[in-house]
Amino acid sequence: MKTDVLIVGTGCSGLFCALNLPRDLKITMITKSMTERNDSFLAQGGICVQRDDDDFESFFEDTLKAGHYENDRQSVEIMIKSSREVINDLLSFGVEFNKDENGEFAYTKEGAHSKKRILYNKDMTGKEITSKLLAEAMSRPNIEFFEYTPIIDIIEKDGECVGAVLLTPEKEIVTVQCKYVVLASGGIGGLYRHSTNFRHLTGDALAIALEHGVELKNLSYVQIHPTTLFTDEPERRRFLISESVRGEGAKLYGKDMQRFTNELLPRDLLTKAIKEQMEKDGTDHVWEDLRPIPKKELRKHFPNIVNHCHEFDYDVTKECIPVVPAQHYFMGGIKVNYESKTSMQRLYAVGETACNGVHGKNRLASNSLLESLVFAKRAALDIAKNPKECVILPEIDMSKYDDIPKLKEKRKARVLLEIEKDGQRNV
């Protein structure tokens, strides 16, 4: 195969990158599963935006405080100052956000935010954004999609990324010659027993980067979401109960049905409080009470949560639901600069796969969609400014791909080991 830009992943960052590339470039997008089976579609709460000039300082401080002041400040500034432009881009693609009775945007608030600055579409913001981006990308003749086509390796020549090795749905190994590769393959939830992520997200890009000496950053910075619906089916993907419900007034109780914490703490601190309460109570979950939210608002703002809980025989308008922390988001990843370039020429990384330092040690709620979109666009603009030509691929020893299942397990083990080693360094 031959293309101009190969984008690995069909979540919001990969799609937004594709849509901001010049239309005269041939863009090939591949995904390990179906185009819609990515964590971008699962995002519930919303997307942050700087509301006005007066909001910059508090938005900046909220992001740094949540990240334990380990954030890259320039990355944070870029993200915040680009937020309104990105929202306007989304609106141009037909994305809709909830509005108030006056027809103005309705803003909500989540944990660790000092004010309401989050735009949302009910409790399915990620689906609203990503589905509209996907529809636009599919309508463009220069963008093609291949489902069930995972990346197996990148192809390196003279220190540059000049192509990739893919596995087709028919289990054939094929090579792709291209000018640029953009890794947008999501997080690492599939490495964990309990996670809100799709199970096929196993950090493939990290493993490949490790093998090629591409720099990584903060691999141990793994965020646990404090509230996911508890079930006794350990292999089921955990359903996230959005922070927005706590922002709108939901409470957390121990087994004695008494509040034990401030529900709007940053995610890592709230997770710690919940785990301590579970240990104190000798239970495997705590209780979340959505009844403080008016029924009309609950059904209007959180229909997906209400319906999903109903499928598990919980009526959130009448009773509490059991919740438990689960792996949710990866703040670390492949190290990139402010244009999303990796340490290898012609290789970019965006979204949860990348680490530009915005989130620091802990992500502020609803910054993930914004950060992904801002830096995906910057990657696209940088590629457009630096045209390259395809080069002849070097000879490749294809025998190392003879046993793909064994290769995958080996890579998963290595990524987990690197996360553990990074944690030891960061203690």
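Predicted model: local features only at pLDDT ≥ 70, side-chain atom pairs only at ≥ 80, totals over all residues.

Helices α2 and α3 cross in a right-handed sense.

**Helix pair**
- Helix α2 covers residues 56-66 and helix α3 covers residues 73-92; their axes come within 10 Å and cross at roughly 135°.
- The two helices, α2 and α3, are therefore oblique to each other, since an angle counts as roughly antiparallel when over 145 degrees and as roughly perpendicular from 65 to 115.

**Open sheet**
- An open sheet is built from 3 strands in the order β3-β5-β4, and the pairing is antiparallel.
- Strands β3 (47-48) and β4 (107-108) each have a single partner strand and stand at the edges, so one side of each has no neighbour in the sheet.
- Strand β3 is joined to β5 (residues 118-119) by 2 bridges, and these two strands run antiparallel.
- Opposite C48 stands I118 in β5.

**Cavities**
- There are 2 cavities of 30 Å³ or more in the structure.
- The largest cavity holds about 80 Å³ of space.
- Its lining comprises 15 residues, of which M331, A354, C355, N356 and H359 are the closest to the centre of the largest cavity.
- Strands β15 (321-330) and β18 (354-355) each contribute at least two residues to the lining of the largest cavity.
- Sorted by class, the lining of the largest cavity contains 6 nonpolar, 7 polar and 2 charged residues.
- The second largest cavity has about 30 Å³ of space.
- The second largest cavity is lined by A66, G111, A112, E243, P266, R267, N362, R363, L364 and A365.
- In the lining of the second largest cavity, 5 residues are nonpolar, 2 are polar and 3 are charged.

**Second largest pocket**
- The volume of the second largest pocket is about 220 Å³.
- This pocket is lined by 14 residues, and V222, Q223, I224, D268 and K361 are the closest to its centre.
- Two or more residues of the lining of the second largest pocket come from each of β12 (222-229) and α7 (267-281).
- Helix α7 provides the largest share of the lining of the second largest pocket, 5 residues.
- By class, the lining of the second largest pocket has 4 nonpolar, 5 polar and 5 charged residues.

Methods. Residues numbered from 1 in each chain as written. Heavy atoms only, no water. Pairing = 2+ DSSP bridges. Helix = DSSP H or I, 4+ residues; strand = E, 2+ residues; numbered from the N terminus. 1 Å grid on protein atoms, 1.4 Å probe; cavity = no way out; pocket = protein on both sides within 12 Å on 5 of 7 lines; lining within 4 Å. Points joined across faces, edges and corners; volume = space filled by probe spheres on them. Nonpolar A, V, L, I, M, F, W, Y, C, P; charged D, E, K, R; others polar. Axes fitted to C-alpha atoms, helices over the stretch in contact; angles between N-to-C directions. Parallel < 35°, antiparallel > 145°, perpendicular 65-115°, else oblique. Left-handed = near helix turned anticlockwise from the far one by under 90°.
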